[in-house]
Amino acid sequence: MTATVSFTIDSPLGPRTTTVAYERKGSGEPLLLLHGIGHHLQAWHPVTDILAAEHDVIAVDLPGFGASAPLPKGVPYSLETVAPALGALCTALGVERPHVAGNSLGGLLALEMGRSDLVRSITALSPAGFWTEGERRYAFAALLALRAGARALPLPAVDRLSRSAAGRAALTGIIYARPARRSAEAVVAETLALRHATGFADTLAAGGSVRFAHDVPGRPVTIAWGTRDRLLLRRQGVRAKHTVPGARLVRLPGCGHVPMSDDPALVARVVLDTARRAAIPVV
């Protein structure tokens, strides 16, 4: 069941109130789940039940995405604003220093939260921010094309396409290695989430100058990349490992850019293994 919480965030304009949608289940140490640009918290549904067997799992719609409100007018969708806002969200939910797993934009935000000592461990699945300029331009062009398609297609056409494996591949093939595994209902919902994402344009604009160039010491970090990621190419994982030398770099065989659907068991295992490592003292 999706709930909402309102809380105060710091911004260049001063304190502002925002409202975020989330789902919460399970018990144990808290685990925050962050989706990618244009997506919604339902991207994590293939793995939330597995993770909730060991953790208090909190999957959120990022500000301006899914059922969450956009950031207040004039507040930038920058790392410097959104990452601390997620820390404020955790405080509002009574959570201190959760484990964090993020995909794409969510992976970048997880790493940024780690720099501010807001997390216990980080699992970043195909995180943004480790691209060359050419790779960034390619990824942004692909995202803009996906967004244009989602906005142009009438709902009956989206529904019709979602009913066949070929149609699901046409709608989501660039982000999933196995789009046929997605249900028709999930494909329709994520297409509509992309269509209605009020934070999409501002987030993409803010990401144009982003390069993650910082180490994140003192906590377990796993960077995992699908071998069939067509959006952020897997060689970016090697750059990420050089940037965060203490990180564990993991291959996700046969997975695309959003691997939670392509191989739920593998992704859940990677997230859980990273969280367990937080209990081991850092020497």
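Guide: Buried means under 20% relative accessible area, exposed means over 50%, and partly exposed is in between, with a 1.4 Å probe and protein chains only. This is a predicted model, in which local features need pLDDT of at least 70, side-chain atom pairs count only at pLDDT 80 or more, and totals for chains, interfaces and linings use all residues. Residues are numbered from 1 along each chain as its sequence is written, and side-chain values use heavy atoms, with hydrogens and water left out.

Visitor: How many helices and strands does the protein have?
Guide: Helices (H or I, at least four residues) and strands (E, at least two) are DSSP runs, numbered from the N terminus. On that basis the protein's secondary structure comes to 11 helices and eight strands.

Visitor: What is the radius of gyration of the protein?
Guide: The radius is taken over C-alpha atoms, and the globule rule is 2.2 Å times the number of residues to the power 0.38. For 283 residues the rule gives 19 Å, and the protein comes close to that, so it is as compact as a globular protein of that length. Its radius of gyration is 17 Å.

Visitor: What share of the 283 residues is buried?
Guide: The C-alpha atoms fill a box of roughly 55 × 40 × 40 Å along the principal axes. Within the protein, the buried share of the 283 residues is 57%.

Visitor: Where does His-55 lie, and is it buried or exposed?
Guide: Its contacts, leaving aside neighbours within four places in sequence, include Lys-25, His-99 and Leu-272. His-55 lies in strand β4 (residues 55–60). Its relative accessible area is 5%, so His-55 is buried.

Visitor: How many Å apart are Ala-268 and Pro-46?
Guide: Ala-268 is found in helix α11 (residues 264–277), and it is buried at 1% relative accessible area. Leaving aside neighbours within four places in sequence, it is in contact with Val-47, Ile-50 and Leu-51. Ala-268 and Pro-46 are 222 residues apart in sequence, yet C-alpha to C-alpha they are apart in space by 9.2 Å.

Visitor: How many Å apart are Ala-247 and Arg-182?
Guide: Ala-247 is found in the loop between α9 (235–243) and β8 (248–252). It counts as buried at 3% relative accessibility. In sequence Ala-247 and Arg-182 are 65 residues apart, and in space, C-alpha to C-alpha, the figure is 31 Å.

Visitor: What is the phi of Asp-117?
Guide: Most residues other than glycine have a negative phi. Asp-117 is found in the loop between α3 (105–115) and β6 (122–125), and at 43% relative accessibility it counts as partly exposed. Asp-117 is not a glycine, although its phi is positive, at about 60 degrees.

Visitor: Is Ser-126 buried or exposed?
Guide: Ser-126 is found in the loop between β6 and α4. It is not a glycine, but it has a positive phi of about 45 degrees. At 1% relative accessibility, Ser-126 counts as buried.

Definitions and conventions: Contact = heavy atoms within 4.5 Å.
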